Amino acid sequence: MSMRLSTVILPVHRWHEGRKVWQRADELGFDTAYTYDHLSWRTFRDGPWFGAVPTLTAAAAVTRRVRLGTLVTSPNFRHPVTLAKELISLDDISGGRVTLGIGAGGTGFDATALGREPWTPRERADRFAEFLPLLDRLLTEDAVSYEGDFYSAHEARNIPGCVQRPRLPFAVAATGPRGLRLAALHGQAWVTTGDPKLFENGTPEQSVHAIRGQVDRLADACAEIGRDVAGLDKILLTGFTPDRARPLESLDAFVDFAGRHQELGFTEIAVHWPIPDSDFAADAEVFEEIAVEARAQLR
């Protein structure tokens, strides 16, 4: 089976320009076009940044084939009840083309935008462990009541449910033991960006070794619940390993990079759509060549 190739389109474009980007992603044959679900993000904080769900809804209306999704949504500013309603609507508008990338969140701007102190890693893990199973129920049951430590639902109705049955797929971003168990329990896919400790001073070889360890721990989490890890898609979001932007410098460089991770069991690689004068700058012609040609070399 060939590796799937997807892209991440940051929500930085006013729609009269953004529409062209999403349509071009559809035309180029990307399997999925994702966007970030943040209130603002890193060096883009003081520039245009639009909401993920409205952006994906607009993209659903102007594309035909490409799947759409988030990489990733988190509990930082979301509630399962309201998120479920938006996802069911988006899945309907897109004709069943939505994947929800979801993780525990972090300490960036999203963590403080609502006027609170950032949650500790333990608090994020605790909330995610409650958020994800509740969201799973909300997307699969017509009516849900729940009272938890962090989230509640009272007779929340979600009729008619998702177009995709029993619900739209979850791609769970995780590297720690609790997150990996959630991926094994609820995920149709698992997402990683690699080991962040290696980004500044690590080597590509060290990164591959670290990611191999993550894959092994995912397999252990699946084995603990009697699930075959081979049935869980594995997605690598690029741009955060020591390789940085080098895989997008040429078709050969990308095929080499993707092939090394395909050997680890990855079924999908996601690359950022080029943004000039940013960490995601890349040659547009090379990027399109990779989009069109790389898949055939990764069978």
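Strand β4 is covered on both faces in this predicted model. On one side V98, L100 and I102 are buried, and on the other T99 and G101 are buried too. With five of the five residues of β4 (residues 98-102) buried, that is, under 20% relative accessible area, the strand is largely enclosed by the rest of the structure. β4 is part of a barrel of eight strands, and the largest pocket of the model has a volume of about 1400 Å³.

**Neighbours of β4**

- Strands of a sheet pair through backbone hydrogen bonds, in either a parallel or an antiparallel sense.
- β4 pairs with β3 in the parallel sense, and four bridges link the two.
- Within this pairing, L100 of β4 has T70 opposite.
- β3 and β4 also belong, together with helix α3 (residues 80-93), to a right-handed β-α-β unit.
- β4 also runs parallel to strand β7 (residues 170-173), to which three bridges join it.
- I102, one of the buried residues of β4, has V172 in β7 as its bridge partner.

**The barrel**

- The eight strands close into a barrel in the order β1-β2-β3-β4-β7-β8-β9-β10, with parallel pairing.
- From one strand to the next, the twist averages 25°.
- Further along this order, strand β9 (residues 233-237) and strand β10 (residues 268-272) run parallel and are joined by three bridges.
- I235 has E268 in β10 as its bridge partner.

**The largest pocket**

- Rolling a probe the size of a water molecule over the atoms shows where empty space is left.
- The largest pocket, with a volume of about 1400 Å³, is lined by 44 residues.
- A104, G105, G106, A173 and T193 lie nearest the centre of this pocket.
- The elements that give two or more residues to its lining are β3 (67-73), α4 (121-140), α5 (177-186), β8 (189-192) and α6 (204-224).
- Helix α4 gives the most, with five residues.
- The lining of the largest pocket comprises 20 nonpolar, 16 polar and eight charged residues.

**The second largest pocket**

- The second largest pocket has a volume of about 330 Å³.
- This pocket is lined by 18 residues, of which G239, R244, A245, D279 and F280 are the closest to its centre.
- By class, the lining of the second largest pocket holds eleven nonpolar, four polar and three charged residues.

How values were computed
Residues numbered from 1 in each chain as written. Predicted model: local features only at pLDDT ≥ 70, side-chain atom pairs only at ≥ 80, totals over all residues. Heavy atoms only, no water. 1 Å grid on protein atoms, 1.4 Å probe; cavity = no way out; pocket = protein on both sides within 12 Å on 5 of 7 lines; lining within 4 Å. Points joined across faces, edges and corners; volume = space filled by probe spheres on them. Nonpolar A, V, L, I, M, F, W, Y, C, P; charged D, E, K, R; others polar. Buried < 20%, exposed > 50% of the residue type's maximum accessible area, 1.4 Å probe, protein only. Pairing = 2+ DSSP bridges. Right-handed = clockwise from strand over helix to strand, strands pointing away. Axes fitted to C-alpha atoms, helices over the stretch in contact; angles between N-to-C directions.
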